[in-house]
Amino acid sequence: MRDVLYLEEIEQAEALLKPQRVEVLRLLAEPKSCTEVAAVLDQTPQRVHYHVKRLVEAGLVTQVSERKVRGVHEGLYQAAARAYWLSPGLVGRLGLRRARDELSLGYLVDLAEQVQADIAALDRDRPELPSLGVSGDIRVRPEQRREFFAELQSTLQDLFRRYGGAEGDAFRLAVACYPKETTDE
């Protein structure tokens, strides 16, 4: 089972975006038969098989084995991934592309789409996949915002200069800084 399956075909999205199929997918995190899934969902095995068949056709579920039950061959199915990401390309860009600078929300949206596509394309079968994720909250007073952004940009540009050569393993570094929704604590 893959960590992520990146869906770029509208047929895959159509197969996935039905509430009952999402429930079937959740139950297929571990291999199960249509009969086992049907019992949990209080459905008939035939109805569940219909949904499983559509999910298999879309590449979202795979048949992992088969067993003989009371003289009948019964398939065991498992979800193809732990998570399913819908490509923004399924809808396409709406409206005209505007000039975007690094301080605009539109730039962050484009960056998030690129990071999502890059992660989905990684070969997860490699024994070691070096990566790093860091997230945290900071507080910057409005009067310090410009200074903070300048310092952050300078620090990153220094890293790009020091490690931007042609030798070694290639990594993409993406940093996003955006306002956090605050709640009363």
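Which side chain makes a polar contact with the side chain of R47? It's Q20, at 3.5 Å. This is a predicted model, where local features need pLDDT of at least 70, side-chain atom pairs count only at pLDDT 80 or more, and totals for chains, interfaces and linings use all residues. Residues are numbered from 1 along each chain as its sequence is written, and side-chain values use heavy atoms, with hydrogens and water left out.

View 1. R47 sits in helix α4 and is partly exposed, at 44% relative accessibility (buried is under 20%, exposed over 50%, partly exposed in between; 1.4 Å probe, protein chains only). Its polar contact with Q20 is a pair of N or O atoms within 3.5 Å, one able to donate a hydrogen and the other to accept it. R47 and T35 lie 12 residues apart in sequence and 9.9 Å apart in space, C-alpha to C-alpha.

**View 2. The largest nonpolar core.** This core has 22 residues, and L5, L25, L28, V52, L60, V61 and Y84 touch the most other members. Elements giving it two or more residues include β1 (2–7), α4 (45–57) and β4 (81–86). A core here means buried Ala, Val, Leu, Ile, Met, Phe, Trp, Tyr and Cys residues joined through side-chain atoms within 4.5 Å.

**View 3. A nonpolar surface patch.** F160, L173 and V175 make up this one, with about 270 Å² of accessible area together. Patch residues have over 30% relative accessible area and no salt bridge, and nonpolar side chains are joined within 5 Å. F160 belongs to helix α6 (residues 145–163) and is partly exposed, at 46% relative accessible area.

Terms used: Patch = residues over 30% accessible without salt bridge, like charges linked within 9 Å, V, L, I, M, F, W, Y side chains within 5 Å. Areas by Shrake-Rupley, 256 points an atom, 1.4 Å probe, with all protein chains shown as cover. Salt bridge = Lys/Arg side-chain N within 4 Å of Asp/Glu carboxyl O. Helix = DSSP H or I, 4+ residues; strand = E, 2+ residues; numbered from the N terminus.
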